[in-house]
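Here is a quick tour for anyone meeting this structure for the first time. Have a look at it, then read on.

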Amino acid sequence: MNLSLELMGYRVFNKPLSNIVVNSSKKIINTINPHSYIVARKDDEFKAALQDSDILIPDGSGILLASKILKGEGLSKISGADLHCHLLNILNDTAGSVFYMGSSDDVLQTIQEKLLSEFSNINVATYSPPYKPELSNKDSELIIQKINEFNPDVLFVGMTAPKQEKWLYKNKDKLNFKIASSIGAVFDFYAGTIARPSQFWLDLHLEWLLRLLKEPRRLWKRNFISAPLFLFDILL
């Protein structure tokens with residue numbers, strides 16, 4: 001079964017979430033949106049990480065628009081939060097294990113407490129890496145050791161893009177997991193430290209607007225620079 005659509009140089013997942021399963025096949029799942037597409041044009045390692053993904057889910061209304069215009073095919077948006085919930089449900093049904101690598105100790109502690117309440121069958125471990133632009137080899141060796149000792153079914157990496165995707169791409173062959181996914185802000189969404197817009201705004205494809213209003217200094221570039229550049233690439 002073909003699970004992807006060739007779109008602007010990337011193989012974008014074009015099936016329902018139910019097609020994503022946790023099995024013995026080692027898979028990396030990443031997300032693509034207009035901002036990551038634009039950033040990857042000038043970052044070869046980031047581009048390679050996205051293109052090397054086993055599954056690249058369409059997390060952005062711009063990707064859906066590009067699919068409609070360029071391929072005449074409608075895609076369903078799948079956010080990192082959607083993927084996170086889907087995989088947790090699978091792990092809870094199978095008494096699986098999950099490792100969260102990224103964010104702060106406080107956020108990770110909240111995630112563990114919430115998982116215990118909502119997904120009590122899941123075995124969970126976490127690690128908060130040093131806050132620095134780039135992790136050293138020593139930092140990565142320690143992280144890899146902790147992940148492999150736990151040997152999770154699912155590994156979630158949350159260090160913001162493109163740092164998280166590039167770290168996973170660089171270290172994937174050294175890590176034990178069945179599924180690994182870079183999901184960034186989902187750590188904060190699930191912990192409740194950053195509120196995600198309601199389903200009303202998600203259905204209108206205006207999640208980006210509310211997030212921009214809440215975090216203008218962090219998100220202005222992706223909305224006022226990356227989005228127009230992405231639209232221009234569609235026209236080209």
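## A strand pairing to start with

Threonine 31 stands opposite isoleucine 57 in E4. That pairing is part of the link between strand E3 (residues 27-32) and E4, which run parallel and are joined by 4 bridges. Before going further, keep in mind that this is a predicted model.

Which way do the side chains of E4 (residues 55-58) point? Ile55 and Ile57 go one way, while Leu56 and Pro58 go the other. Both sets are buried.

## The chain as a whole

Stepping back, the chain has 11 helices and 8 strands. It counts 236 residues, and 48% of them are buried. Take the contacts between residues at least 6 apart in sequence: 71% of these join residues at least 24 apart.

## The nonpolar core

The largest nonpolar core has 29 residues. Which of them touch the most other members? They are Ile20, Val98, Tyr100, Ile111, Leu115 and Phe156. Two or more residues each come from E4, helix H4 (80-94), E5, helix H5 (105-118), E7 and helix H8 (186-191). H4 gives the most, with 5 residues.

Helix H6 covers residues 137-150, which makes 14 residues. From its first C-alpha to its last it reaches 20 Å, close to the 20 Å expected at 1.5 Å a residue. Its buried residues are Asp139, Ser140, Ile143, Ile144 and Ile147. They sit on the same side of H6, because they cover an arc of only 125° around the axis. Over on the other side, Asn137, Lys138, Glu141 and Glu149 are exposed.

What do the buried residues of H6 pack against? Their partners are strand E5 (97-102), strand E6 (123-127), strand E7 (154-158) and H7. Just after H6 comes asparagine 151, with a positive phi of about 55°.

Are serine 67 and lysine 174 buried or exposed? The table has the values.

| Residue | Relative accessible area | Class |
|---|---|---|
| Serine 67 | 0% | buried |
| Lysine 174 | 51% | exposed |

Serine 67 belongs to helix H3 (residues 61-71). Why does serine 67 count as buried? Its relative accessible area is 0%, and buried means under 20%. Leaving out neighbours within four places in sequence, serine 67 touches Leu5, Leu7, Gly72, Glu73, Gly74 and Leu75.

Lysine 174 is found in the loop between helix H7 (163-171) and strand E8 (179-182). Lysine 174 counts as exposed because its relative accessibility is 51%, and the class takes in values over 50%. Even so, lysine 174 has contacts beyond its neighbours within four places in sequence, namely with Ile144 and Asn148. Ile144 is one of the buried residues of H6. As for asparagine 148, its C-alpha is 8.6 Å from that of lysine 174, with the two residues 26 apart along the chain.

Technical notes:
Residues numbered from 1 in each chain as written. Predicted model: local features only at pLDDT ≥ 70, side-chain atom pairs only at ≥ 80, totals over all residues. Heavy atoms only, no water. Buried < 20%, exposed > 50% of the residue type's maximum accessible area, 1.4 Å probe, protein only. Pairing = 2+ DSSP bridges. Contact = heavy atoms within 4.5 Å. Expected span 1.5 Å × (residues − 1). Arc of directions from axis to C-beta. Core = buried A, V, L, I, M, F, W, Y, C linked by side-chain atoms within 4.5 Å.
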